[in-house]
Amino acid sequence: MAGAGSLRRLLGGPGIVSAPGAADAITARMVEAAGFPAVYMTGFGATASRLGMPDIGLLSQTEMTEHARNMTRAVSVPVIADADTGYGGPSSIDRTVREYLQAGVAAIHLEDQVAPKRCGQMSGVRLMDADTGVKRLRCAVQARGSADLLIIGRTDALPAAGMAEAIHRARLYQEAGVDLVFVDGIKRVQELEAVARAVDGPKVVSIVDGNETATLTTADLQDLGFSLVLYAVTALFTATHAIAGALAHLKAAGTPAGGPEQHTYEEFSRLVGFDLHKELDDRFGS
């Protein structure tokens with residue numbers, strides 16, 4: 001696993017850092033194998049993979065940190081993790097920071113929704129007041145102390161209260177001492193450009209497949225001044241579409257032969273690191 005120091009070095013480099021989303025540890029391995037410098041543990045994907053349900057605040061702190069721990073064990077690049085609202089009051093936020101530290105993640109983002117929260121791309125987002133959001137982020141910064149963790153202040157104000165409020169909150173959260181700010185819920189290029197113009201300093205953008213912003217390249221986002229881009233659902237939506245196609249073919253044809261292209265058994269074995277374990281067994285097994 002790689003901690004916040006590795007992520008800081010990446011963020012201090014000349015280019016934007018791209019972190020595709022992973023719903024599980026095997027996808028995290030694939031993100032790393034594809035050559036990306038970081039992985040994003042998406043709460044949307046974690047909820048889908050663990051429960052088969054929507055991202056409406058159903059996973060607990062314990063489930064999310066366990067999910068993060070499995071992911072950091074699977075890869076050697078930094079993992080950026082969704083920490084939702086911090087799972088309660090100040091004491092819960094304090095514990096959330098410590099649990100994610102122990103899980104080995106490089107960064108977490110905390111959002112300003114009230115419980116029960118929901119995915120920032122959904123309608124019906126409800127916000128806590130801005131002062132409360134600032135206090136909660138200051139609590140997280142204090143809990144982090146000098147430990148190896150980046151804290152991202154996320155606001156979901158854009159769909160709920162408009163651009164002006166989202167920009168206002170992003171600036172307040174910067175003053176609270178977070179390492180980066182993140183305006184979520186952006187769907188249009190015009191919105192993305194407005195955030196880029198109005199919010200200085202290190203900032204995060206989430207590109208969601210199917211939205212207008214997905215037409216922009218990482219070079220475009222870098223030119224706009226973003227430090228980190230999350231592609232939360234690209235791998236997940238691609239995987240579920242491929243699975244649906246393979247199962248439809250199997251049901252119709254009665255055989256997987258002739259269906260969509262897939263990994264071979266040997267390719268998949270390499271992906272999950274079987275060669276390492278075979279070597280261990282060959283050397284030290286009975």
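Trainee: Is Arg 144 buried or exposed in this one?

Mentor: Arg 144 counts as buried, at 10% relative accessibility. Keep in mind that this is a predicted model.

Trainee: Which side chain does Arg 144 meet in a salt bridge?

Mentor: That would be Asp 179, with an N to O distance of 3.0 Å. Asp 179 sits in the loop between helix H8 (163-175) and strand S6 (180-183), while Arg 144 belongs to helix H6, so the pair ties together parts that are 35 residues apart in sequence.

Trainee: And how does Asp 179 count, buried or partly exposed?

Mentor: Partly exposed, because its relative accessibility is 24% and the buried class ends under 20%.

Trainee: How many salt bridges does the structure hold?

Mentor: There are 12. One of them joins Arg 98 to Asp 94, with 2.7 Å between the closest N and O atoms.

Trainee: Where do Arg 98 and Asp 94 sit relative to each other?

Mentor: Both are in helix H5, 4 residues apart, which means about one helical turn separates them. Arg 98 has a relative accessible area of 43% and is partly exposed. Asp 94 is also partly exposed, at 24%.

Trainee: What does Arg 188 pair with?

Mentor: Arg 188 forms a salt bridge with Glu 191, and their closest N and O atoms are 3.6 Å apart. Glu 191 is buried, with a relative accessible area of 15%, whereas Arg 188 is partly exposed at 41%.

Trainee: What does Ala 103 touch, not counting residues up to four places away in sequence?

Mentor: Met 1, Thr 65, Ala 68, Arg 69 and Thr 72.

Trainee: How far is Ala 103 from Val 233 in space?

Mentor: The C-alpha to C-alpha distance is 23 Å, for two residues that are 130 apart in sequence.

Trainee: Now the nonpolar core. Which residues in the largest one touch the most other members?

Mentor: Val 39, Met 41, Tyr 100, Val 105, Ile 108, Leu 192 and Leu 221, out of 59 residues in that core. Helix H6 (residues 130-144) gives the most to this core, namely 7 residues.

Trainee: Which residues is Val 105 in contact with, leaving aside neighbours within four places in sequence?

Mentor: Val 105 contacts Ala 68, Thr 72, Val 79, Ala 81, Tyr 100, Asp 148 and Leu 149.

Trainee: Which residues does the second, separate core include?

Mentor: Ala 19, Tyr 40, Leu 180 and Ala 232 are included in that core, which has 19 residues. As background, nonpolar side chains tend to be buried together in soluble globular proteins.

Trainee: Which residues form the nonpolar patch on the surface, then?

Mentor: Leu 51, Met 53, Ile 56 and Leu 58 form that patch, with about 300 Å² of accessible area together.

Trainee: Where is Leu 51 found?

Mentor: In helix H3, which covers residues 43-51. Leu 51 is partly exposed, with a relative accessible area of 35%.

Methods: Residues are numbered from 1 along each chain as its sequence is written. This is a predicted model: local features need pLDDT of at least 70, side-chain atom pairs count only at pLDDT 80 or more; totals for chains, interfaces and linings use all residues. Side-chain values use heavy atoms; hydrogens and water are left out. Patches are made of residues with over 30% relative accessible area and no salt bridge: like charges are joined within 9 Å, nonpolar side chains (Val, Leu, Ile, Met, Phe, Trp, Tyr) within 5 Å. Accessible areas come from the Shrake-Rupley method with a 1.4 Å probe; for residues, only the protein chains shown count as cover. A salt bridge is a side-chain nitrogen of Lys or Arg within 4 Å of a carboxyl oxygen of Asp or Glu. Helices (H or I, at least four residues) and strands (E, at least two) are DSSP runs, numbered from the N terminus. Buried means under 20% relative accessible area, exposed over 50%, partly exposed in between (1.4 Å probe, protein chains only). A nonpolar core is a set of buried Ala, Val, Leu, Ile, Met, Phe, Trp, Tyr and Cys residues joined through side-chain atoms within 4.5 Å. Contact means heavy atoms within 4.5 Å.
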